[in-house]
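These are my notebook entries on a structure that I had not looked at before. I wrote down what I looked up, entry by entry.

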Amino acid sequence: MKALASVFGIFILVAAAIVLNAALYTVDETEQVIVTRFQQVVGQPIREPGLKFKVPFVDKVNRFSKMVMEWDGPSAVMPTREKVNIVVNTFARWQIKDPLVFFQKLRDERSAQSRLNDILGSETRKVVASHDFIEVVRSTKNRTVVKDATLVAADSRVGNLPPIQLGRPALEKLIFDSAKPKIAAFGIELLDVRIKRINYNPDVLRTIYD
């Protein structure tokens with residue numbers, strides 16, 4: 001009987017340890033958590049780090065990053081206002097600001113990246129299509145270049161840069177201002193948008209080289 005009682009006592013302790021382990025979880029300083037029960041959100045988002053409790057075997061912990069994250073958009077061919085086809089590569093920085101809205105509308109970071117592809121890609125295309133090629137390439141309005149006197153004497157047009165009205169930083173801000181409220185609807189704060197690389201369409205490049 002004593003042996004049976006001892007085994008039973010060990011069983012109770014093990015079961016209690018399993019239940020306690022299932023009821024406890026930790027939130028890291030870089031995380032924010034949404035707890036769900038049968039796919040329904042329970043309570044408010046948890047942003048404070050530390051040891052937390054949940055209903056064991058029923059509640060599920062959904063973790064989301066607090067960190068600033070990177071979006072590196074795919075290269076896309078798009079026309080400028082004067083119908084020059086260029087390849088544009090854009091990148092951005094973003095952060096999950098409202099984890100509840102983010103969870104309800106997107107669920108995970110993979111879905112967020114896909115949504116960013118759609119919105120930022122579309123807004124970039126609109127801005128590029130409404131401005132000339134030189135506006136996308138140039139970043140300073142009053143840029144001057146060193147001129148070779150011999151070449152200038154042969155052709156006065158050498159070294160003369162065409163003027164710009166806005167420039168690339170201003171176009172990046174247009175993309176940012178247009179995309180930010182649309183992205184905010186998914187619980188995401190857009191922090192920055194930049195054009196990383198611009199190139200001619202490969203077909204145009206071959207024509208230029210020819």
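I began with burial, and I found that 31% of the 210 residues of the chain count as buried, where buried means under 20% relative accessible area, exposed means over 50% and partly exposed lies in between, with a 1.4 Å probe and protein chains only. I noted that this is a predicted model, in which local features need pLDDT of at least 70 and side-chain atom pairs count only at pLDDT 80 or more, while totals for chains, interfaces and linings use all residues. Residues are numbered from 1 along each chain as its sequence is written, and side-chain values use heavy atoms, with hydrogens and water left out.

I then looked up the secondary structure, which comes to seven helices and nine strands; these are DSSP runs numbered from the N terminus, with H or I over at least four residues for helices and E over at least two for strands.

My next entry concerns helix 3 (residues 109–129) and helix 6 (residues 168–184), which pack at an angle of about 140° with their axes 9 Å apart; the axes are lines fitted to C-alpha atoms over the stretch in contact, and angles run from 0 to 180 degrees between N-to-C directions. Among the residues that meet, I listed Leu 116, Ile 119 and Leu 120 in helix 3, and Leu 171, Leu 174 and Ile 175 in helix 6, a contact being heavy atoms within 4.5 Å.

I also looked for positive phi values in residues other than glycine, and Gln 39 has one near 70°. Gln 39 is found in the loop between strand 2 (31–37) and strand 3 (40–46), and it counts as exposed at 68% relative accessibility. Phe 57 likewise has a positive phi, near 65°, and lies in the loop between strand 4 (50–53) and strand 5 (59–65); Phe 57 is exposed, with a relative accessible area of 62%.

Last, I searched the whole structure for aromatic pairs and noted three, where rings of Phe, Tyr and Trp (its six-membered ring) pair if their centres lie within 6.5 Å, and planes under 30 degrees apart count as stacked, over 60 as edge-to-face and the rest as tilted. One of them joins Phe 64 and Phe 103 edge-to-face, at 6.1 Å centre to centre and 65° between the planes. This pair links distant parts of the chain, with Phe 64 in strand 5 and Phe 103 in helix 2 (residues 99–105), 39 residues apart.
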